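Take a look at the model below. Then follow this report through it, one part at a time.

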Amino acid sequence: MSTIIVPTDVPPVSDDVEQLRKAFEGWGTNEGLIIEILSHRNAKQRKLIRQTYAQTYNEDLLKALDKELTRDFERIVLLWTYDPPERDAFLANEIVKNGAKSHQVIVEIACTRSSHDLLLAKKEYHARYQKSLEEDVANYTSGDIRKLLWPLVTSYRYEGEEVDMTLAKSEAKLIHDKITENCYDYDDFIRILTTRSKAQINATLNHYKDEFGQEVNKNLKADPNDEFLKILRATITSLTNPAKYFERVLRLAINKQGTDEDALTRVVATRAEFDMKAIKEEYKKRNSVSLNEAIAKDTRGDYEDMLLALAGSDDA
């Protein structure tokens with residue numbers, strides 16, 4: 001479901017590298033040329049561009065971009081230019097390094113990536129920071145939040161579509177019983193969310209809704225200000241309906257007073273090659289305007305141009 005339109009006649013990588021170098025030279029940076037090249041290259045092509053740039057000019061392309069660009073435009077170009085596992089490692093490390101109170105990024109990386117992609121991100125994290133992601137998540141969290149986040153990042157879920165309906169029914173009842181008792185941190189509830197395949201979790205929560213008349217997340221709003229319950233709801237939505245999860249992140253980022261550029265940048269940069277089309281459909285359905293219209297209204301300049309290039313046209 002990638003929205004990135006890669007030209008069928010992509011020039012040789014040496015041409016892209018030469019053009020990027022030209023964009024950095026002279027009196028001013030040619031931001032338009034940077035957008036034109038990088039936003040229309042997929043992850044494999046961008047990786048090759050970085051390797052060739054380093055071999056040709058003895059300089060890391062990311063460092064060259066860092067020197068030439070500023071603010072939100074710099075951040076989205078850098079995030080986009082990273083390899084996906086490298087990007088996830090970088091984003092996760094930002095959270096644990098800064099001791100951020102928002103645990104959303106860790107939930108996204110643990111729950112919306114495939115088991116293989118999560119493993120690659122963890123390997124990259126280990127290589128870059130000489131620590132494990134699991135270790136850092138355990139160190140920077142505590143209490144119920146650690147109890148949920150740590151097994152999420154250590155998980156390697158089965159990716160198949162097979163479902164055990166007997167198990168789904170019994171675990172739906174278990175979840176309902178514990179929510180009724182306000183026992184949200186119950187070990188088996190967390191075990192189900194952190195170890196079952198996404199297909200199995202979907203079956204369990206669909207049965208929950210059919211049997212008990214309400215989606216599980218509706219029953220997890222007992223205290224809207226409870227941080228653990230927020231993370232629990234985010235975990236459930238990102239596991240079962242990533243497009244719905246990311247739509248909400250974008251809606252909160254764009255619609256509140258003052259844009260949350262970090263969240264907007266993160267979602268567009270991380271999802272453009274994966275499920276942006278589904279996210280945009282969800283956004284239009286929920287907000288009655290397209291994501292592109294919302295971005296154009298809330299952002300300006302090169303940053304806006306890069307966001308829209310990655311989001312893809314509304315006709316795509």
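Asn182 sits in the loop between helix H11 (165–180) and H12. Helices here are DSSP runs (H or I, at least four residues), as strands are (E, at least two), and they are numbered from the N terminus. Asn182 is not a glycine, yet its phi is positive, at about 60°. Is Asn182 buried or exposed? Asn182 counts as exposed, because its relative accessibility is 52%. The cut-offs are these: buried means under 20% relative accessible area, exposed means over 50%, and partly exposed lies in between (1.4 Å probe, protein chains only).

Arg71 also has a positive phi, near 55°, and is a residue other than glycine. Arg71 lies in helix H5. With a relative accessible area of 71%, Arg71 is exposed.

Residues are numbered from 1 along each chain as its sequence is written, and side-chain values use heavy atoms, with hydrogens and water left out.

The pLDDT is the predictor's confidence in each residue, from 0 to 100. Its mean over the chain is 92, and 95% of the residues reach 70 or more. Which helix has the highest confidence in the chain? Helix H8 (residues 115–129) does, at 98, while confidence is lowest in helix H12 (residues 187–195), at a mean of 93. Where pLDDT is low, the predicted coordinates should not be read in detail.

## Two helix pairs

Helix H4 (residues 61–68) packs against helix H5 (residues 71–81). The angle is about 175°, and the axes are 10 Å apart. Axes are lines fitted to C-alpha atoms, for helices over the stretch in contact, and angles run from 0 to 180 degrees between N-to-C directions. H4 is therefore roughly antiparallel to H5. That label is for angles over 145 degrees; under 35 counts as roughly parallel, 65 to 115 as roughly perpendicular, and the rest as oblique. H4 brings Leu61, Leu62, Leu65 and Asp66 to the contact, and H5 brings Glu74, Val77, Leu78 and Thr81. Contact means heavy atoms within 4.5 Å.

Helix H18 (residues 291–298) packs with H19 at an angle of about 175°, and their axes are 10 Å apart. So H18 is roughly antiparallel to H19. Asn292, Ile295 and Ala296 of H18 meet Glu304, Leu307, Leu308 and Ala311 of H19.

## Residues listed as binding sites

An unreviewed UniProt entry gives the feature "binding site" at Phe24, Gly26, Gly28, Glu68, Ile254, Lys256, Gly258, Ala296, Thr299 and Glu304. Of these residues, Lys256 is included in the lining of the largest pocket. UniProt positions are in the numbering used here, feature names are shortened, and annotations may be inferred rather than shown by experiment. A pocket is an open set of points on a 1 Å grid over the protein atoms alone, with protein on both sides within 12 Å along at least five of seven lines; a cavity is a set where a 1.4 Å probe fits but cannot get out, and lining residues have an atom within 4 Å of a point.

Glu304 lies in helix H19 (residues 301–311). It is buried, because its relative accessible area is 17%. Leaving aside neighbours within four places in sequence, Glu304 is in contact with Ala296 and Thr299.

UniProt also lists Asp298 for "binding site" (unreviewed entry). Asp298 is in helix H18. It is partly exposed, at 29% relative accessible area. Which residues does Asp298 contact, leaving aside its neighbours within four places in sequence? They are Ile254 and Thr259.

Ser238 belongs to helix H14 (residues 227–240). Its relative accessibility is 0%, so Ser238 counts as buried. Beyond neighbours within four places in sequence, Ser238 is in contact with Val107, Cys111, Thr112 and Tyr245.

Thr270 is in helix H16 (residues 261–271). At 2% relative accessibility, Thr270 counts as buried. Not counting residues up to four places away in sequence, Thr270 touches Arg87, Leu91 and Arg113.

Pro11 is in the segment before helix H1 (13–24). Its relative accessible area of 29% makes Pro11 partly exposed. Pro11 and Thr265 are 254 residues apart in sequence and 27 Å apart in space, C-alpha to C-alpha.

Methods: This is a predicted model: local features need pLDDT of at least 70, side-chain atom pairs count only at pLDDT 80 or more; totals for chains, interfaces and linings use all residues.
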